[in-house]
Amino acid sequence: MLLITANIIWADIEAPDQEARIRQLEKTLTRIQQESQSTYQQFLMIQELRRNEMSEIPQIVPLPNSPEQSIPIPNYKDLIQLKQDQQGRIDKYTTDLNHLYGRYQELEVEKRTIFEQIKSLEQKTGTIE
């Protein structure tokens, strides 16, 4: 009889703590979901910038305004510099994409872990009641 009474009292004390912990984990989960969504949106924007940069053909000389004007001969050094600049931007976008992808994966793992903790606490709370 004493053991049953002790379990009931312990359950009454433990349940509010678990419910508070669940609420705290749910807030954390919401924050992580928002950060995950933001990271994914940044990833998509940078991916599009990279795609555009890769498909863009650098224009090193302005086209003439009228048919009578001749097209100037491009300077080789300028052409090389433009290509290097473009490749630098593509490389930076690639690095940023890899970083964002890694962060997104980390956030997904955190979300799964927190979700499992919430599920576990809810099961314990359901068992106690």
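A: Let's begin at Gln 117, which is in contact with Arg 21 and Leu 25 once its neighbours within four places in sequence are left aside. Keep in mind as you look that this is a predicted model. Gln 117 is found in helix 2. Along the sequence, Gln 117 and Leu 25 are 92 residues apart, yet their C-alpha atoms are 7.9 Å apart in space. Is Gln 117 itself buried, exposed or partly exposed? Its relative accessible area is 33%, so Gln 117 is partly exposed; the buried class would need a value under 20%.

Now follow Leu 25, the contact partner of Gln 117. Leu 25 belongs to the largest nonpolar core, a set of 8 residues.

Setting aside neighbours within four places in sequence, Ile 114 is in contact with Leu 25, Thr 28, Leu 29 and Ile 32. There is also a second, separate core of 5 residues, including Phe 43, Ile 46, Leu 97 and Leu 100.

Next, look for two aromatic rings. The chain has 1 aromatic pair, formed by Tyr 40 and Tyr 104. The ring centres are 5.9 Å apart and the planes make an angle of 40°, a tilted arrangement. This pair links distant parts of the chain, with Tyr 40 in helix 1 and Tyr 104 in helix 2, 64 residues apart. Tyr 40 counts as partly exposed because its relative accessibility is 42%, and Tyr 104 counts as partly exposed at 25%.

One more stop is Glu 53, in helix 1 (residues 2–55). With a relative accessibility of 9%, Glu 53 counts as buried. Not counting residues up to four places away in sequence, Glu 53 touches Gln 86, Arg 89, Ile 90 and Tyr 93.

Finally, step back to the whole chain. Its secondary structure comes to 2 helices and 0 strands. Among contacts between residues at least 6 apart in sequence, 83% join residues at least 24 apart. Of the 129 residues, 19% count as buried. The accessible surface comes to about 10,100 Å², and 56% of that belongs to carbon and sulfur atoms.

Conventions: Residues numbered from 1 in each chain as written. Predicted model: local features only at pLDDT ≥ 70, side-chain atom pairs only at ≥ 80, totals over all residues. Heavy atoms only, no water. Helix = DSSP H or I, 4+ residues; strand = E, 2+ residues; numbered from the N terminus. Buried < 20%, exposed > 50% of the residue type's maximum accessible area, 1.4 Å probe, protein only. Contact = heavy atoms within 4.5 Å. Core = buried A, V, L, I, M, F, W, Y, C linked by side-chain atoms within 4.5 Å. Areas by Shrake-Rupley, 256 points an atom, 1.4 Å probe, with all protein chains shown as cover. Phe/Tyr/Trp six-rings, centres within 6.5 Å; stacked < 30°, edge-to-face > 60°.
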